[in-house]
Every structure is written in structure tokens, then in C-alpha cells.
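Hello,

Here is the structure I said I would pass on. My notes follow below it.

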Amino acid sequence: NLFNIQWVADASSVLSVAVLAPFLLGICIAAPNMFGPDAEHNWAQPAQEHDPALFVTTLLWLYTGWDGLGCVAKEVRDPNKTYLRGLSSAMVLDALVYLLCLAAALSVDSSDENPWRDGYLAVAYEQILPGLGL
């Protein structure tokens, strides 16, 4: 390896916070609309058509990265314990971020009958905080 593992871990933490910062900002701004007493949710009708190819490719895309953990198992101290803790916390944080981003997007009023199209999170976050959904 070109860099030592501690440097890579520190850089990964900094980059993770930088990537999550816009989403966390949008969630904080949308929180009153998400959980307030007069919260209006943009519940669209479920799609009538299902695209199995899109579903499978999405699952494969979500899986990328997780399979690479086996490549660095030799460099981890006590991988049985460390991987279990690390993967468990990563899955919980990942699901939490996805659910909170979805809740923030649902709190946005939309004049469109079915707004859930490709790129809708960018549209929703543009309404939450102009400039955030570039």
C-alpha cells in the first residue's frame, strides 16, 4: 500500500463527512416539515409497471464496495470481530441516511401528480434549500 492504513481511515472519515454534509443539512432544514403536526407528505401512487432489469442493476450497484472488503481482510486486526462491528454500524448508518433523505424528499410539496422520476432527490433538495440540489 502507498499510504498507511490509519491515514486511509482518517481520509475516508473526512471524505464521508464531506459527502454526507449536504444531505444532513437538507434533512435538518426539512425536519420541521417531516415531523411537525401539520406535516404534509407527498405520497405518490406506486408505479404500475415494474422493471426487473432496473431492480437487479440497482441491487448490484448497491452491492459494489461491500465485496471488496475481503481484499483487505489480511490487514485488519481481529477481522471476525472488527468486520462484524464495522459492517453492522455501516449498514445501520447507511439505512438511516437513506430513510431520512427519503423522509425529507417526501416533505416537499410537489405540483406534479407523480414526481418520483430519475433525479427527484435533486429536485426535492432544490426546494428544501435552493442551491443544494444542483
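**Notes on the chain**

C101 is buried, with a relative accessible area of 6%, whereas C28 is exposed, at 57%. Buried stands for under 20% relative accessible area, exposed for over 50%, and partly exposed for what lies in between (1.4 Å probe, protein chains only). With a disulfide taken as a pair of cysteine sulfur atoms within 2.5 Å, the count is zero.

This is a predicted model, in which local features need pLDDT of at least 70 and side-chain atom pairs count only at pLDDT 80 or more, while totals for chains, interfaces and linings use all residues. Residues are numbered from 1 along each chain as its sequence is written, and side-chain values use heavy atoms, with hydrogens and water left out.

The chain has four helices and zero strands, in the order α-α-α-α from the N terminus. Helices (H or I, at least four residues) and strands (E, at least two) are DSSP runs, numbered from the N terminus.

C101 also belongs to the largest nonpolar core, which has twelve residues, including I27, M34, V108 and I128. Two or more residues of this core come from each of α1 (5-35), α3 (79-106) and α4 (120-128). A nonpolar core is a set of buried Ala, Val, Leu, Ile, Met, Phe, Trp, Tyr and Cys residues joined through side-chain atoms within 4.5 Å.

Of the chain's 134 residues, 13% count as buried. Among contacts (heavy atoms within 4.5 Å) between residues at least 6 apart in sequence, 59% join residues at least 24 apart.

Regards
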